[in-house]
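Subject: Structure handover

Hello,

Here is the structure I promised you. Please open it first, then read my notes below.

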Amino acid sequence: MALSAFDLYSVGIGPSSSHTVGPMRAAKTFVDGLTDAGKLASVTRVKAQLFGSLGATGHGHGSDKAVVLGLEGEQPETVDTDAADARVAEARTRHTLRLGGTHEIAWDPDADLVLHRRKSLPAHPNGMQFDAYDGGGDLVASHVYYSVGGGFVVDEEATGADRVVLDDTEVEFPFSTGAQLLEICRREGLSVGQVMLRNELSWRSEEQVRADLLALWEVMAQCVRNGIGHEGVLPGGLRVPRRAPELHRELTKGALRDDPLKVMDWVNLYALAVNEENASGGRVVTAPTNGAAGIIPAVLHYYVNFVEGANDDGIVRFLLAAAAIGILFKENASISGAEVGCQGEVGSACAMAAGGLAEVMGGTPTQVENAAEIGIEHNLGLTCDPVGGLVQIPCIERNAIASVKAINAARLAVVGSGVHTVSLDKAIKTMRDTGRDMSVKYKETARGGLAVNVIEC
């Protein structure tokens, strides 16, 4: 079993990797399975059921729309985000679906797409079941999937292994703990990013790794530009105003131009821009999730614009080192807000960004590990309590705060010796244990915390 940086970073559609990207991939996988088995032509009805957190907050997260798009053959990486809502509305109006984009069937959105607010499947809070029937009403195929965070989808056969990506590729330097990663760095005389690069060569050439990471960076940068350029309010009923355009004006033309803390305001801007795009269903890079998608781009923008000597090589090194940290969270805890709360999303992204920045600031492997530990330690216990089930309040601001926190964590670590009492491994274990003990109402169900104490207007 091996994880690549490109498992953690993928281009997708907002507002949620686990609630939007995952269901879209699962729906497409189900239809692809019907096609591969030669059964698609006999199907006259498909019923999709969403359970647990998906059922509780699916409407606010666009899970229902994602399922429709996935059944019609769309993928998160390539779906036309500008036309997505119209596509779904058309399907609802005409009461038909085009499975895989070609095979048209009748569709009753009320009976054939069910969101169970109080029912869950056993293996994970984000469960889905798809059933296909023929013209006689007989079951043609049935499959259960789990969306386990970051857009990762596993099927029911993976019960109990919901953090595992089934890839048996052998890498040069396998590691599953921070201690193992540091020992490899010490033994081989490599940085964290260099270890990750050597492992990536099991899938791609060095030139392709570099090109693909820089392409991801361009998607992140375009997302920031889009967020700055789009005015108005976010969809969903809360009437949350987009703040990135006005903050950008203040930083370039207004009073904030000469503010001594303007660097922090720029970091806030980058994060807000990305997460406002995410909340509106725009294209983002999961890093490692959509709910935390603004943190790595914000800290990378800080590096590019405010760190002397920043260049494309540094961007690549940053993303590789951050991915190494992300693998530790994915393998030893969770990056799913529905499973461990927002500490698994914003907390892991903060740690990843802190480690990546420490790497390009010249930090040693122990300083990189220390930066990541600081990043997660001060997000432990963070709940996932989206108001209205929307990835807006407190999610958008939370990305801005965590971005600044990641920069501070990296700076603290790089000026230190790297010696610290709490290891990253211990902090990740604590996050996992805290998530296990956390009440389900604080884990992306919109049944606790701010979600019930803020009046929706």
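Which ring does the charged end of K330 sit over? That ring is F152, with the charged end 3.9 Å from its centre. The cut-offs for a charge over a ring are NZ of Lys or CZ of Arg within 6 Å of the ring centre and within 35 degrees of the ring normal. R204 does likewise over the face of F6, at 3.9 Å from the ring centre.

A word on the basis. This is a predicted model, where local features need pLDDT of at least 70, side-chain atom pairs count only at pLDDT 80 or more, and totals for chains, interfaces and linings use all residues. Residues are numbered from 1 along each chain as its sequence is written, and side-chain values use heavy atoms, leaving out hydrogens and water.

Now the salt bridges. The whole structure has 24 of them. Each is a side-chain nitrogen of Lys or Arg within 4 Å of a carboxyl oxygen of Asp or Glu. Side chains of opposite charge can pair when their charged atoms come close.

Start with K429 and D433. Their salt bridge spans 2.8 Å, N to O. Both residues lie in helix 18 (residues 424-437), 4 residues apart, about one turn of the helix. Helices here are DSSP runs of H or I, at least four residues long, and strands are runs of E, at least two, numbered from the N terminus. K429 is partly exposed, at 44% relative accessible area. Buried means under 20%, exposed over 50%, and partly exposed in between, with a 1.4 Å probe and protein chains only.

D385 and R398 form another salt bridge, 3.9 Å from N to O. This pair links distant parts of the chain, 13 residues apart. D385 is in the loop between helix 16 (365-377) and helix 17 (395-414), while R398 is in helix 17. Both are buried.

Next, the aromatic pairs. The search finds 4. Rings of Phe, Tyr and Trp (its six-membered ring) pair if their centres lie within 6.5 Å; planes under 30 degrees apart are stacked, over 60 edge-to-face, and the rest tilted.

F130 and Y145 are edge-to-face, 5.9 Å centre to centre, with 70° between the planes. F130 lies in strand 6 (residues 126-134) and Y145 in strand 7 (residues 139-147), so the pair ties together parts 15 residues apart in sequence. Both F130 and Y145 are buried. Ring pairs also link F30 with F130 and Y145 into a cluster.

Best wishes
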